[in-house]
Structure formats: structure tokens, C-alpha cells
Amino acid sequence: MKPFRQAVEANDHAAIEALLAEDVVFTSPVAFRPYPGKAITAAVLRGVSRVLTDFRYVREITGEDGRDHALVFEARVGDRAITGCDFLHLNDQGLIDDFMVMVRPLSAAQALSEAMGAQFERIAAEAADTASAAGAASASTAGAAEPDPA
């Protein structure tokens, strides 16, 4: 998934978000429940970019139908080296509708969990801001498109 990889490597969060489907489901390597929705997924990815350093993709694997991708990465979280894989699935429109991350070793996963936990309030606030902005834009567009009943 070249566009996603390029956006991540360029730290271009707008481009990353543009590649996410509205109904994307993000499955974290350190949280029990998946996160449904574009706003929270984008906020989590911004949080990850704040806690991982020296991030680089080292391998890309694409499924036969071109809709499944695995991007293997290496990075650091604090003083721990971490290796992981982003598993992406694309919907019929070519947008990411399923995003699962797995990481190793356990000590790095624990460090990632702690670092992301410290980001949780900011991530939740960013997701809420994004969702309310999207709702306002949607309402504004819908209002502009409909005739005034008065």
C-alpha cells in the first residue's frame, strides 16, 4: 500500500486520514477492544507517531487480490527496540477499513502500552474534536443543499 506507506514515512497525518474509511476498525496491539471509526483511528495514529521514534517500514507484503497488505516496521519506544506489523485491508473504494497492529517483544509492547496510555486523554480529545468538526461540516453541507422550508 504505497500511498499509506509514503504518508506515514512523510509524517503526513492529513494524507493518512484521507486513506481511512469512515467505518475503519483499528485493532491495537495493547488494547483489548478495537476502536471503530475514522476519527479515533486517526487520533490513535497521531498518538503513535508521538511515541515511536526512528520509525521505518522494512518490508511490505501484498495479498493476491491487492486488498490485503502487511507492512513490517521497526522503531523505538523509549529505550526499547520494537518490531511490528500493520495489517491493512482495503474496501471497494480502496480505503483502509480494517487496520490491525501487532508488535514484539513483550517488553517493547509494554513500553508502548504505557506510552500510549499517557497519550489517552489527548487522543480522546482529538477524536472528539475531529468527529464534531466532521458532524458540523456534514450539517453545514446538508443545510446548504436543502431549500429553506420558510
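Two strands are said to pair if DSSP finds at least two bridges between them, and the strands themselves are DSSP runs of E with at least two residues, just as helices are runs of H or I with at least four residues, both numbered from the N terminus. The model on your screen is predicted, so local features need pLDDT of at least 70 and side-chain atom pairs count only at pLDDT 80 or more, whereas totals for chains, interfaces and linings use all residues. Residues are numbered from 1 along each chain as its sequence is written, and side-chain values use heavy atoms, with hydrogens and water left out.

**The whole chain**

Begin with a cartoon view, in which 4 helices and 6 strands can be picked out, following the pattern α-α-β-β-α-β-β-β-β-α along the sequence. Of the 150 residues, 34% are buried, a term that stands for under 20% relative accessible area, with exposed meaning over 50% and partly exposed in between (1.4 Å probe, protein chains only).

Next, select the 6 strands, which form an open sheet with mixed pairing in the order 2-1-6-5-4-3. Strand 2 (35-36) and strand 3 are the edges, and because each has a single partner strand, one side of each lacks a neighbour in the sheet.

Strands of a sheet pair through backbone hydrogen bonds, either parallel or antiparallel. Select strand 1 (residues 20-27) together with strand 6, and you will see a parallel pair joined over 4 bridges, in which leucine 20 has isoleucine 96 of strand 6 as its bridge partner. Move on to strand 5 and strand 6, which run antiparallel and are joined by 8 bridges; here cysteine 85 has methionine 102 in strand 6 as its bridge partner. The hairpin of these two strands has 5 residues between them, and glycine 94 takes a positive phi near 80° there.

Strand 4 and strand 5 are also antiparallel, pairing over 10 bridges, and the bridge partner of alanine 70 is phenylalanine 87 in strand 5. In their hairpin, with 2 residues between the strands, look for glycine 78, which has a positive phi near 65°.

**Helix 3 and threonine 41**

Within helix 3, select threonine 41, which is buried with a relative accessible area of 0%. Which residues does threonine 41 contact, leaving aside its neighbours within four places in sequence? They are Leu20, Val24, Phe26 and Tyr35, where contact means heavy atoms within 4.5 Å.

**The largest pocket**

Finish at the largest pocket, whose volume is about 550 Å³. Of its 32 lining residues, Val44, Leu45, Val48, Ser49 and Met116 are the closest to its centre. On a 1 Å grid over the protein atoms alone, a pocket is an open set of points with protein on both sides within 12 Å along at least five of seven lines, and lining residues have an atom within 4 Å of a point; the volume is the space filled by probe spheres set on the points, which are joined across faces, edges and corners.

Helix 4 gives the most to this lining, with 6 residues, and the elements that each supply at least two residues include helix 1 (2-9), helix 2 (13-18) and helix 3 (38-51). Colouring the lining by type gives 22 nonpolar, 7 polar and 3 charged residues, where Ala, Val, Leu, Ile, Met, Phe, Trp, Tyr, Cys and Pro count as nonpolar, Asp, Glu, Lys and Arg as charged, and the others, Gly among them, as polar.

Key:
On a 1 Å grid over the protein atoms alone, a cavity is a set of points where a 1.4 Å probe fits but cannot get out, and a pocket is an open set with protein on both sides within 12 Å along at least five of seven lines; lining residues have an atom within 4 Å of a point.
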